[in-house]
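My entries follow in the order in which I looked.

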Amino acid sequence: MDGLNEITIFNAELFGRRVAHRRRKNKIKQADLAERLGISQQHLSGIEHAKDRISFDVFLKLCVELKVNPDYLLGGTLRANNIPKGVVDGLNQCTREDQELAAGIIELLRKRNPENG
């Protein structure tokens, strides 16, 4: 299928949950993220609760601030642009237990390189 015949319905509720989840995972307060995005905290809350719409420019800023690929917020696929597709596909084929083991190894590697945060 060429993708042109596929229809995807935007689910604002799931989008908002993903935004809130990533914000919390990155330990960012709602007010701080709103300020970085140049919007009010009330507007960000409305986005997270599927009550307000998000503009395209704010959406792009949001992806940068939350360190996610737009695919994740729109469809739930978390993939960094710089991770080879084969690595992501391989992890998706692993058991949950093996994925957690891989995450532990990645965390050890991250700690070994302090410049990575």
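I began with the contacts of Leu62, and, leaving aside its neighbours within four places in sequence, I found Leu62 in contact with Phe15, Val19, Leu33, Leu37, Ile54 and Leu73. I note here that this is a predicted model, and I read each entry with that in mind.

I then looked up the largest nonpolar core, which has 17 residues, and among these Leu62, Leu66 and Leu73 touch the most other members. Helix H1 (12-25), helix H2 (30-37), helix H3 (41-48), H4 and H5 each supply at least two residues of this core, and the largest share, five residues, comes from H4. As background I wrote down that in soluble globular proteins nonpolar side chains tend to be buried together.

Next I turned to Asn69, which lies in the loop between helix H4 (56-66) and helix H5 (70-75).

Last, I looked up the second largest pocket, for which I noted a volume of about 180 Å³. Its lining consists of Phe10, Ala12, Phe15, Ile47, Ala50, Lys51, Asp52, Arg53, Ile54, Phe59 and Leu74. Sorted by class, the lining of this pocket has eight nonpolar and three charged residues, with no polar ones.

How values were computed
Residues numbered from 1 in each chain as written. Predicted model: local features only at pLDDT ≥ 70, side-chain atom pairs only at ≥ 80, totals over all residues. Heavy atoms only, no water. 1 Å grid on protein atoms, 1.4 Å probe; cavity = no way out; pocket = protein on both sides within 12 Å on 5 of 7 lines; lining within 4 Å. Points joined across faces, edges and corners; volume = space filled by probe spheres on them. Nonpolar A, V, L, I, M, F, W, Y, C, P; charged D, E, K, R; others polar. Helix = DSSP H or I, 4+ residues; strand = E, 2+ residues; numbered from the N terminus. Core = buried A, V, L, I, M, F, W, Y, C linked by side-chain atoms within 4.5 Å. Buried < 20%, exposed > 50% of the residue type's maximum accessible area, 1.4 Å probe, protein only. Contact = heavy atoms within 4.5 Å.
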